[in-house]
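Subject: Structure handover and notes

Hello,

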Amino acid sequence: MRTIREVGIVGYGVYVPQYRVSDEEIARIWHREAPPPVKEKSVVNLDEDSITMSVEAARYAIARARIDPRDIEAIRVGTESKPYAVKPCATVVAEAIGATPKVLACDLEFACKAGTEGLQDCIALVASGMTKYAMAIGVDTAQGRPGDELEYTAGCGAAAYIVGLKSDDTIAYFEGSYSFVTDTPDFWRREGQFYPRHTGRFTGEPAYFRHIVSAAKGLMDELGLKPSDFDYAVFHQPNLKFPLRVARILGFDREKVQPGIVVTEIGNTYAASMLIGLASVLDVAKPGQRILAVSFGSGAGSDAFSIIVQDAIEDKRNLAPRVRDLIRRRALIDYALYVKHRRKIRV
Amino acid sequence: MSVPIYWRESKYRYKLIGSECMKCHKRFYPPKRVCPVCGSRELKDVKLPDKGHVVTYTIIRVPPKGYEEYAPYPIALIELEDGTRLIAQLTDVDPKDVKIGMVVKATFRKLSEIGRDGIIQYGVKFRPLIENES
């Protein structure tokens, strides 16, 4: 998909809560013998949720964008961990950053793809001229059933991207995008249930790999590009193995993927996962470099983006904490505190 | 806090908006209708700086209803960069690590929840600075 008018990223911001629980600690509780999928994962504080993390990421994005928040005329919050079943996260975020009341605000749900689904919306809203700026947020306090494979990776984090028409003020612009969606029952959470269910190994081939590979190839075909044309590749990160394997399938060297890998230190932040990985690349990328960024959401689908970095990145990247700064802010907690922070004990 | 009060005051709690006296230019948080320094009723809303330092603090070990799960938690007297002083909860810091003079930044957090099915009240707390945060 290509827009009639070129659209870019004016500012981006990431938030990762400071608490971590190690996979070794989770494995100690559940007597896991197989090697755990990541080193540790991020955990919210008791007073944090998807709304507070969205606000923090949005404020960092505004700091980098150097714009008046009243000019953000659309906000999309993509998440599967809404504090309210009914009442939008986006209205609280819009109020807290000072974007109300002339703003189109709503939440989106598409498992781990909800954040990039919002990004697609924002690109269209800006390109059409309906809004001056639009902000897409991917955020989750990811749920994993105690003892389940998902508990070893389900992390917490947020990423916000403010989109505007391409100019000298955009840090990168979108060359094109591609969405690939099918009805695939790989992972779900029914109404009123605390934890999702998944279909184990079925989640790999027909879900993650098929959708990411198809979206990435579809995009490269449409734009006439090949893997060697890209300097970086970022994929959704449910664990370390999957993004490295999908990179190999598509023909990307490990050094093009490594700068965007954050899963080993903060876990799978679901709707924020690929967007935090992309921010990690923007933290180090040079003007003129091309990035392939592909999300995946169960259910299932992928959004692929080709992004070219612009000169403004050099001025703007230090206006807010970088992903590495947020990863370094780290307080390790044990399983008991983790259970309290994630409210797994219901009294 | 009732839902209407929370809603009426959310502007101040969400965005750290205080008031400034138009006569003596003293600033206050939470905002006031009458200046306690010069008695003027001419006050306007003003966005206060997000950064400040801890002047002094105490640890709440026996919390009021609705705050039980956060205890023990620090409450601090904070002086913002413009000299405005306010009282706020500190978060993301172990009570034993709080120090007088530590630099803190405003953050958007849950203040309390009215039960499992009630409104979630959000507002400002302060936390230690993150690396590369201005």
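A helix here is a DSSP run of H or I with at least four residues, numbered from the N terminus. In that sense, A:Ser280 belongs to helix α9 of chain A, which covers residues 273–282. Please keep in mind that this is a predicted model.

A:Ser280

With a relative accessible area of 5%, A:Ser280 is buried. Once its neighbours within four places in sequence are set aside, A:Ser280 is in contact with A:Pro259, A:Gly260, A:Val262, A:Val323 and A:Arg324.

A sheet in chain A and the helix across it

Chain A has an open sheet of three strands in the order β3-β2-β14, and its pairing is mixed. The edges are held by β3 (40–43) and β14 (331–332) of chain A. Each of these has a single partner strand, so one side of each is left without a neighbour in the sheet. Strand β2 of chain A, residues 19–22, runs parallel to β14(A) and is joined to it by two bridges. Within this part of the sheet, A:Arg20 stands opposite A:Leu332 of β14(A).

Helix α1 of chain A (residues 23–30) lies across β2 and β3 of chain A, at about 50 degrees to β2(A). Which residues of α1(A) are buried? They are A:Asp23, A:Glu25, A:Ile26 and A:Ala27. These buried residues pack against β2, β3 and α12 (335–341) of chain A. Just after α1(A) comes A:His31, which has a positive phi of about 55 degrees.

Salt bridges

Over all chains, the count of salt bridges comes to 38.

A:Glu6 forms a salt bridge with A:Lys166, and their closest N and O atoms are 3.5 Å apart. This pair links distant parts of the chain, 160 residues apart: A:Glu6 sits in the segment before β1 (7–15) of chain A, and A:Lys166 in the loop between β7 (156–165) and β8 (172–181) of chain A. A:Glu6 has a relative accessibility of 40% and counts as partly exposed. A:Lys166 is partly exposed too, with a relative accessible area of 33%.

A:Arg290 forms a salt bridge with A:Glu175, where the closest N and O atoms are 2.9 Å apart. A:Arg290 lies in strand β12 (residues 290–294) of chain A and A:Glu175 in strand β8 of chain A, so the pair ties together parts that are 115 residues apart in sequence. Are these two residues buried or exposed? A:Arg290 counts as buried, at 16% relative accessibility. A:Glu175 also counts as buried, at 18%.

A:Asp229 and A:Lys226 meet through their side chains in a salt bridge of 3.6 Å, N to O. A:Asp229 is partly exposed, with a relative accessible area of 25%, and A:Lys226 counts as partly exposed at 48% relative accessibility.

There is also a network in which salt bridges share partners. Its members are A:Asp47, A:Glu48, A:Arg329, B:Asp92, B:Arg109 and B:Lys125.

Cysteines

How many disulfides does the structure hold over all chains? The count is zero. A:Cys106 is in no disulfide, and the nearest cysteine sulfur, that of A:Cys122, is 9.2 Å away. A:Cys106 counts as partly exposed, at 27% relative accessibility.

B:Cys38 is partly exposed, with a relative accessible area of 38%.

Domains of chain B

Chain B is divided into domain 1, residues 1–48, and domain 2, residues 49–109 + 120–128. The contact between them takes 11 residues from domain 1 of chain B and 15 residues from domain 2 of chain B. Taken over C-alpha atoms, the centres of domain 1 and domain 2 of chain B are separated by 19 Å.

Regards

Terms used:
Residues numbered from 1 in each chain as written. Chains lettered and ligands numbered in written order. Predicted model: local features only at pLDDT ≥ 70, side-chain atom pairs only at ≥ 80, totals over all residues. Heavy atoms only, no water. Disulfide = S-S within 2.5 Å. Buried < 20%, exposed > 50% of the residue type's maximum accessible area, 1.4 Å probe, protein only. Pairing = 2+ DSSP bridges. Contact = heavy atoms within 4.5 Å. Axes fitted to C-alpha atoms, helices over the stretch in contact; angles between N-to-C directions. Salt bridge = Lys/Arg side-chain N within 4 Å of Asp/Glu carboxyl O. Domains from an automatic or database assignment.
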